[in-house]
Amino acid sequence: FATLIFVSPFIYWPWADIEFEVPKVWFINRFIEILSLLSLFSSFLILKKEKIDKSLAVLILLFFFIVGMSSILGRDVVISFLGNYYRADGILTLTHFVILFFIVSLFFKKNWVEMTFKSFSYSTIILSFWANLNGLLFYLHKKPIILSWDGAIGINFGNPNFLAGYLLVTLPFVYFTFAKEDSIRKRLFFLTGLVSQFIAIFLTRAWSGIFGILIFFMLSTGFTLSTF
């Protein structure tokens with residue numbers, strides 16, 4: 001599970017017809033299938049004592065049912081099942097994520113939280129350094145590692161808005177890891193990572209990412225509307 005979190009942001013296959021999103025989806029789906037098999041073989045090792053959130057499970061299944069029915073009754077069942085040609089975001093992919101939800105519900109334990117946060121943090125920091133390097137090469141030499149959208153950096157996510165969204169969603173993980181570290185060297189590393197992440201979001205030129213940074217600062221500093 002930690003490996004899936006760490007590796008999935010870097011998946012990119014430049015030799016494919018669709019080199020950005022589809023290889024990521026293919027990799028994550030195969031990884032979930034492997035996790036499913038391991039879960040079946042290791043079902044006797046389920047040690048979790050916490051109760052599964054039944055209300056959340058019901059909502060997930062209800063959502064899946066509604067989406068499934070709308071797809072069956074829709075205009076093109078095949079496209080609904082496989083998804084967009086450039087995204088592979090159909091019912092097949094959604095099914096894998098529902099399976100992942102139940103795997104995590106059965107196996108995940110509270111003492112894995114730190115490992116999960118660190119997996120997000122390290123992969124996000126590396127991704128941010130990559131985005132910054134790509135931006136530096138573009139603005140200095142006009143020769144980026146991966147072609148950008150007229151200067152908007154997207155690296156292996158293709159669309160800069162997608163990269164901005166991922167970096168924004170993972171900001172709390174890096175911040176939390178930074179705040180919980182006792183070692184000065186590690187705190188300095190994660191602080192550098194946060195700064196790098198902010199720069200990478202700005203390099204995407206995505207307005208949603210820039211506004212997201214403002215919201216992040218408001219939340220992380222304890223700012224609330226009651227301040228007014």
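Q: What describes the packing of helix H6 and helix H7 in this predicted model?
A: Two packed helices are described by the angle between their axes and the distance between the axes. Helix H6 (residues 113-141) and helix H7 (residues 160-169) pack at about 140 degrees, and their axes lie 10 Å apart. Here the axes are lines fitted to C-alpha atoms, for helices over the stretch in contact, and angles run from 0 to 180 degrees between N-to-C directions. Helices (H or I, at least four residues) and strands (E, at least two) are DSSP runs, numbered from the N terminus.

Q: What is the handedness of the crossing where H6 passes H7?
A: The crossing of H6 and H7 is left-handed.

Q: Which residues of H6 and H7 meet?
A: From H6, the residues are Phe 120, Ser 123, Thr 124, Leu 127, Ser 128 and Ala 131, and they meet Leu 163, Tyr 166 and Leu 167 of H7. Contact means that heavy atoms lie within 4.5 Å. By class, this contact has six nonpolar, three polar and no charged residues. Ala, Val, Leu, Ile, Met, Phe, Trp, Tyr, Cys and Pro count as nonpolar, Asp, Glu, Lys and Arg as charged, and the others, Gly among them, as polar.

Q: How do the values of this model rest on its source?
A: Residues are numbered from 1 along each chain as its sequence is written, and side-chain values use heavy atoms, with hydrogens and water left out. As the model is predicted, local features need pLDDT of at least 70 and side-chain atom pairs count only at pLDDT 80 or more, whereas totals for chains, interfaces and linings use all residues.

Q: Why is H8 called roughly antiparallel to H9?
A: Helix H8 (residues 171-180) and H9 pack at an angle of about 160 degrees, with 8 Å between their axes. Angles under 35 degrees count as roughly parallel, over 145 as roughly antiparallel, 65 to 115 as roughly perpendicular and the rest as oblique. The angle therefore makes H8 roughly antiparallel to H9. The crossing of these helices is left-handed.

Q: Which residues make the contact of H8 and H9?
A: H8 contributes Leu 171, Val 174, Tyr 175, Thr 177, Phe 178 and Ala 179, while H9 contributes Arg 187, Phe 190, Leu 191, Leu 194, Gln 197, Phe 198 and Ile 201. They divide into ten nonpolar, two polar and one charged.

Q: What makes the pair Lys 118 and Glu 114 a salt bridge?
A: A salt bridge is a side-chain nitrogen of Lys or Arg within 4 Å of a carboxyl oxygen of Asp or Glu. For Lys 118 and Glu 114 the N to O distance is 3.3 Å, so the pair meets that limit. Being four residues apart in helix H6, they are separated by about one helical turn.

Q: What joins Glu 114, Lys 118 and Glu 181 into one network?
A: Lys 118 also forms a salt bridge with Glu 181, the closest N and O atoms being 3.7 Å apart. This pair links distant parts of the chain, since Lys 118 is in helix H6 and Glu 181 is in the loop between H8 and H9, 63 residues apart. Salt bridges that share partners join Glu 114, Lys 118 and Glu 181 into one network.

Q: Is Glu 181 buried or exposed?
A: Buried means under 20% relative accessible area, exposed over 50%, and partly exposed in between (1.4 Å probe, protein chains only). Glu 181, with 11%, is therefore buried. Lys 118, with 24%, is partly exposed.

Q: How many salt bridges does a search of the whole structure find?
A: The search finds four salt bridges. One of them pairs Glu 33 with Arg 30, with closest N and O atoms 2.8 Å apart. These two residues are three residues apart in helix H2 (residues 21-41), which means a separation of about one helical turn. Glu 33 counts as partly exposed at 33% relative accessibility, and Arg 30 is likewise partly exposed at 25%.

Q: Why does Ala 88 count as buried?
A: Its relative accessibility is 17%, so Ala 88 counts as buried. Ala 88 lies in the loop between helix H4 (77-82) and helix H5 (91-107), and it has a positive phi of about 55 degrees although it is not a glycine.

How values were computed:
A crossing is left-handed if the near helix is turned anticlockwise from the far one by less than a right angle, and right-handed if clockwise.
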